[in-house]
Amino acid sequence: MTPPVVSAPRRVVPRAALVLAMALAFVLLTGLLDGGKGVLPLRLLDQPRFPVANAWPGLLSAGLLLAMTRRLLLSFGLAYLLQGLIYGVNALKVANLGIPLLPADFRMVGQLRKGGMHLLAGYLPHSPWPYLALAAGVLILVAMWRLEPPLFARRTGGKRLAAGGALALLLGSLLGGWGGWTTVYNGRVLWLEPWSAASTRLHAGLLSELVMFHLQYNKQKPKPDRAVAEQLIGQSAAALRRHVHTPNAAVLPDIVVVQSESFFDPSIMKGYAHVDLTPNLRRLAAHGISGALHVPTFGGGTIRTEFEMLTGLSLRYFDNLQFPYLQMNHKLVPSLVHVLDEHGYETVAVHGNDPTFWNRNTAFKALGFQRFVSQSAFPTDAPNDGKYMADSAMTDEIMRQLKDSGPPQFVFAISIEAHGPYDVDPKDTAARDAIAVPAGIEGKNKRELQNYLYHMRHADEELGRLAALLAKRQRPSLLLFYGDHLPALTDSYRIDGFVDGGNMLAQAGTWLLVDPHAAGRPVHEDTASWLLPGRLLAAAGIHDDPYFALTELVGPPLAALTRAPGAPQPDEDAATRRLDRSMASVEQLRMTRKLQPILARIVGPVAPASMAHAPSPTPTAALMSARP
């Protein structure tokens, strides 16, 4: 008997209904996976645009896969699995750093093949269950590929190709940041708090948050107001002229800068308020300048603080630069290093890690370093402690780089011993176990806090040893030491809290500038990482750079505004807001190298840089001098 002929429309309708049902299930499951209150499944009844927009990138991916494979369950399952991986990575970042994923985080994928895998892998879960679940998902997808029948014929008269092409175009335009998507992904249609990725994620969903921030950063190019910048410079012109025409030091000191991984003074935590875990820092601070250091990151993102320190540019004014070394597209970036090079310094960076991680090998060339001594150049017997190279090895390498004759030297050293995660046993577990922790911090949190404090105390010990070694040299020198950010001990912070009762993302670190050869008077000074180079140049007796002189003059009131992404911002009075807006234009012009002509016109010509190289008395007077 011949089976009845089913017309094409009758075949299309049930298949379309099946696809729509699968898409609805995908939206609901995405809301469950997300967990944000704005995209939970029941929100389809009162604000459907929120859960649909959050699932839309996955739906486009599933549709494209369906056009390619013709298998419905396989396509939606694979799209959901990939989406689940994104949510898993987000959960790891929130657990370790307290903030959700941002579009710039995806630039880290390229770092996996550049020496970053060993560092980032330390944050992966140690339990086997997530990996078993992932493996099970992959096996299910393989079974679907082999067993699931196609939903439609291979040949569709060009309809499959047209649908796949349209879906690919839509998905590509979304991932590429096409501005047309802002009609859906914006603060009026969805929930966007540009100052808080966490709040945006909670209301709009993780995927919508990623898309909105991607669209915001993609189109948000800083547009400086030249007139406002000229007004600020003009108001400071007289003081700037006095500063830049102050004679430079006849002889310039060697400068050693240590960026200490995750270093901070634990006395800002309630449980350690009356415990001295940084004796060398305190001892040296009694003879130098020290205080709180406001930095633009928390728990990670070292290069954000590093970029500010080396350029004197505040990332507050460059929202599109989340990971500056990975996004820099200038062959030459204005920096402290270039200024020192103009004054005859030999400049070298030292870091006991892979030089390609964070793209430092390329970025350091743009910033002006003459040499970069990385992990492979250290002695083969350089010790590790825990997972990474010991700070003692870095101190030894700094001293190897310093010469006893010739031009002045600038050594910028980046430590790594205290890098997280803090679940790897150190070399001396007995010393680690002897470290007391506040009541209430137990189990895994206790062990991680002890591991961190073990390494942090080594950093303090090496600070003291380095200062002593520099003091024995005949050449004058300056030592700048600071922490790049607080460690990602989020659970311990939530349990114990901080002395000031503040948010962990808003806590300041610490810094120290000292002349190892002389006992000066102590000066307490709170500042920000982008203001350090101006302070360092003034202490070294280099006064003729008008931009860094400007940061010395007008920057201090802005220091406390430097905070990690997502941190609550301090209250600003009207004068500070005006200064903040003006400084934004100044720095944006500086980044594009359009500021120098303005400075030259308003401030006037500056005498050529001093190139003196002979030894001289220690720079204590310059170090302790008041601001111009």
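This is a predicted model: local features need pLDDT of at least 70, side-chain atom pairs count only at pLDDT 80 or more; totals for chains, interfaces and linings use all residues.
Me: Why is Glu397 called buried?
Reply: Buried means under 20% relative accessible area, exposed means over 50%, and partly exposed lies in between, with a 1.4 Å probe and protein chains only. Glu397 has 3% relative accessibility, and therefore counts as buried.

Me: What makes Glu397 and Arg400 a salt bridge?
Reply: The term requires a side-chain nitrogen of Lys or Arg within 4 Å of a carboxyl oxygen of Asp or Glu. The closest N and O atoms of Glu397 and Arg400 are 2.8 Å apart. Both residues lie in helix α17, 3 residues apart, about one turn of the helix. Helices here are DSSP runs of H or I with at least four residues, strands are runs of E with at least two, and both are numbered from the N terminus. Arg400 has 46% relative accessibility, so Arg400 counts as partly exposed.

Me: How many salt bridges does this rule give?
Reply: The count comes to 22 salt bridges.

Me: How do you know that Lys444 and Glu448 form a salt bridge, and where do they lie?
Reply: Their closest N and O atoms are 3.0 Å apart. Both are in helix α19, separated by 4 residues, about one turn of the helix. Lys444 has a relative accessible area of 57%, and is therefore exposed. Glu448, at 13% relative accessibility, counts as buried.

Me: Which parts does the salt bridge of Arg535 and Glu552 tie together?
Reply: The side chains of Arg535 and Glu552 meet at 3.9 Å, N to O. Arg535 lies in helix α21 (residues 532-540) and Glu552 in helix α22, so the pair ties together parts that are 17 residues apart in sequence. Arg535 and Glu552 are both buried. Elsewhere, salt bridges that share partners join Asp425, Arg432, Asp433 and Arg447 into one network.

Me: Why is α17 called roughly parallel to α19?
Reply: Helix α17 (residues 391-401) and helix α19 (residues 443-472) pack at an angle of about 20°, and their axes are 9 Å apart. That angle makes α17 roughly parallel to α19. Angles under 35 degrees count as roughly parallel, over 145 as roughly antiparallel, 65 to 115 as roughly perpendicular, and the rest as oblique. Axes are lines fitted to C-alpha atoms, for helices over the stretch in contact, and angles run from 0 to 180 degrees between N-to-C directions.

Me: Why is α11 called oblique to α22?
Reply: Helix α11 (residues 237-244) and helix α22 (residues 546-554) pack at an angle of about 120°, with axes 10 Å apart. That angle makes α11 oblique to α22.

Me: What makes a surface group a nonpolar patch, and which residues form one here?
Reply: Patches are made of residues with over 30% relative accessible area and no salt bridge; like charges are joined within 9 Å, and nonpolar side chains (Val, Leu, Ile, Met, Phe, Trp, Tyr) within 5 Å. Leu82, Leu85, Leu134, Val138 and Val142 form such a nonpolar patch on the surface, with about 380 Å² of accessible area together. Helices α4 (72-97) and α6 (129-147) each supply at least two of its residues, and the largest share, 3 residues, comes from α6. Leu82 is placed in helix α4, and at 46% relative accessibility Leu82 counts as partly exposed.

Me: Why does Ser262 count as buried?
Reply: Ser262 has 1% relative accessibility, and therefore counts as buried. Ser262 is found in the loop between β1 (254-260) and α12 (279-285). The phi of Ser262 is near 60°, a positive value in a residue other than glycine.

Me: Why is Arg593 called partly exposed?
Reply: Arg593 has a relative accessible area of 49%, and is therefore partly exposed. Arg593 lies in the loop between α23 (574-591) and α24 (596-603). Arg593 also has a positive phi of about 60°, although it is not a glycine.

Conventions
Residues are numbered from 1 along each chain as its sequence is written. Side-chain values use heavy atoms; hydrogens and water are left out. Accessible areas come from the Shrake-Rupley method with a 1.4 Å probe; for residues, only the protein chains shown count as cover.
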